[in-house]
Amino acid sequence: MERTESLLTDDVEQIKAYNLDILIKIGFGNLSGDILTAAKYGVWAHYAADPQRVRGGPAGFWEVMEQQPVTGAVMEILSETPGAGRVLCRSWSTTYPYSFRSNCNYYHWTSSDFLPLLLNRLHSLGEARFFQEVDKQNSNNGHYFFHSYNDPGLLKSILLSIKYVYRLVRKKVHEKLYWDQWYLLYNLDPNSESDLGKYKKIPLPDDEFWADPHILKRNETYYIFLEIFTQRKKKGHLSVMEMDSRGNLSQPVTILEKDYHLSYPFVLEWDDKVYMIPETKGNKTIELYECTEFPYKWEFKMNLMENVKAVDTTLLYHNGKWWMFTLMLKTVGARTSEYLHIFHADNFVTNEWKPHISNKTEKYTARRRIVHTAMAME
């Protein structure tokens, strides 16, 4: 169990004399007593775990050992009861199941921006609105049902190590013998959409996987835009297939291929034109293409953003404004898939995208780099 510490009364009074807005707890153990109210907004602390799932330590260890799907992290305002503070920010990172060290590295980087992000929001929104949002968030949290963990003893460590080594060996054997091939399924019967047994597999070559389908329907023809990744080239390119109302399917035709990896061909129709935003993280861009001869010929139009590592960019037109949702890498040690960013603009054919307040409170252009993650739409 974590130890609980209480500061001397004289020390607390000296801290109060500074009229601080926030105290940040750095280190281990719990605090109790008057120190929790010594600053205007309390004592803020970061916990490398989701207290609704795990409490205790070692941080990030049990999620790997017990093969939990996600590893959480929170920042909260401390209270007298450990684990019952007001949650200020929460995130979950996909647990990396084959390395405790890598798992810790990933979720530490994922949550490293909690403090600057929260301070920025407090400054931008003001005290009243900021804590209204905090209270709303905590009203939906429910109760904490966590299991308290401790450092494993010698016998427990040996048993865990055996299971862990077995898992690693099984993974290596699987990688040698098999290739995890992605493929597409389809079902044209609208009355059986929930019946997975009615879905049919689209045949594909043994050395390819197909992913990220985006579909446009014109008359009775479905145009399926997709990524095709080949083992030989070790990268993806974009293709299109045509399917009629009976499920007859054409062979895929390559529509875009670069020296870098391409995937996620997000397509949209606007003003009688068809556009596409593929994933071009390998080029550190978010690129926009316009279709000049549907569906096979596409021309580069512009970079919506540059010097960014972004994936799965998706646009939404809502209430007279274009919204961009994209997963963007902002810290070197993290993973791109952990950070959702949101931007908006009056016209999507532009490089002047403005970030949501939870990204950063400055105008974002194609040549400026974002450093904070988005949390919600305005």
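Contact here means heavy atoms within 4.5 Å, and helices (H or I, at least four residues) and strands (E, at least two) are DSSP runs, numbered from the N terminus. The model is a predicted one, in which local features need pLDDT of at least 70 and side-chain atom pairs count only at pLDDT 80 or more, while totals for chains, interfaces and linings use all residues. Residues are numbered from 1 along each chain as its sequence is written, and side-chain values use heavy atoms, with hydrogens and water left out.

The protein contains 6 helices and 22 strands. Of its 378 residues, 46% count as buried, where buried means under 20% relative accessible area, exposed over 50%, and partly exposed in between (1.4 Å probe, protein chains only). The accessible surface comes to about 21000 Å², with 51% belonging to carbon and sulfur atoms; areas come from the Shrake-Rupley method with a 1.4 Å probe, and for residues only the protein chains shown count as cover. Among contacts between residues at least 6 apart in sequence, 50% join residues at least 24 apart.

Buried positions in H4 are Phe114, Leu117, Leu118, Asn120, Arg121, Leu122 and Leu125. An α-helix has 3.6 residues a turn, so residues three or four places apart point the same way. The buried residues of H4 pack against strands E4 (43–47), E6 (70–77) and E7 (86–94), as well as helix H5 (127–139). After H4 comes Gly126, with a positive phi near 90 degrees.

Next come the rings. The structure holds 17 aromatic pairs, a pair being two rings of Phe, Tyr or Trp (its six-membered ring) with centres within 6.5 Å; planes under 30 degrees apart count as stacked, over 60 as edge-to-face and the rest as tilted. Tyr96 and Tyr98 are edge-to-face because their planes stand at 85 degrees, with the ring centres 6.3 Å apart. Tyr96 is partly exposed at 28% relative accessible area, and Tyr98 is partly exposed at 27%. Tyr223 and Phe294 also form an edge-to-face pair, at 4.8 Å centre to centre and 75 degrees between the planes. This pair links distant parts of the chain, 71 residues apart: Tyr223 belongs to strand E12 (residues 221–230), and Phe294 to the loop between strands E17 (285–293) and E18 (297–306). Tyr223 is buried at 13% relative accessibility, whereas Phe294 is partly exposed at 23%. One aromatic cluster is formed by Trp270, Tyr275, Tyr317, Trp322 and Phe348.

Charged side chains join two of these rings. A charge sits over a ring if NZ of Lys or CZ of Arg is within 6 Å of the ring centre and within 35 degrees of the ring normal. Lys171 lies over the face of Tyr98, 4.9 Å from the ring centre, and the charged end of Arg218 sits over the ring of Phe294, 4.0 Å from its centre.

Ile255, in strand E14 (residues 253–256), is buried at 9% relative accessibility. Beyond residues up to four places away in sequence, Ile255 touches Phe225, Leu238, Ser239, Val240, Met276, Pro295, Tyr296 and Trp298. The C-alpha atoms of Ile255 and His237, 18 residues apart along the chain, are separated by 8.1 Å.
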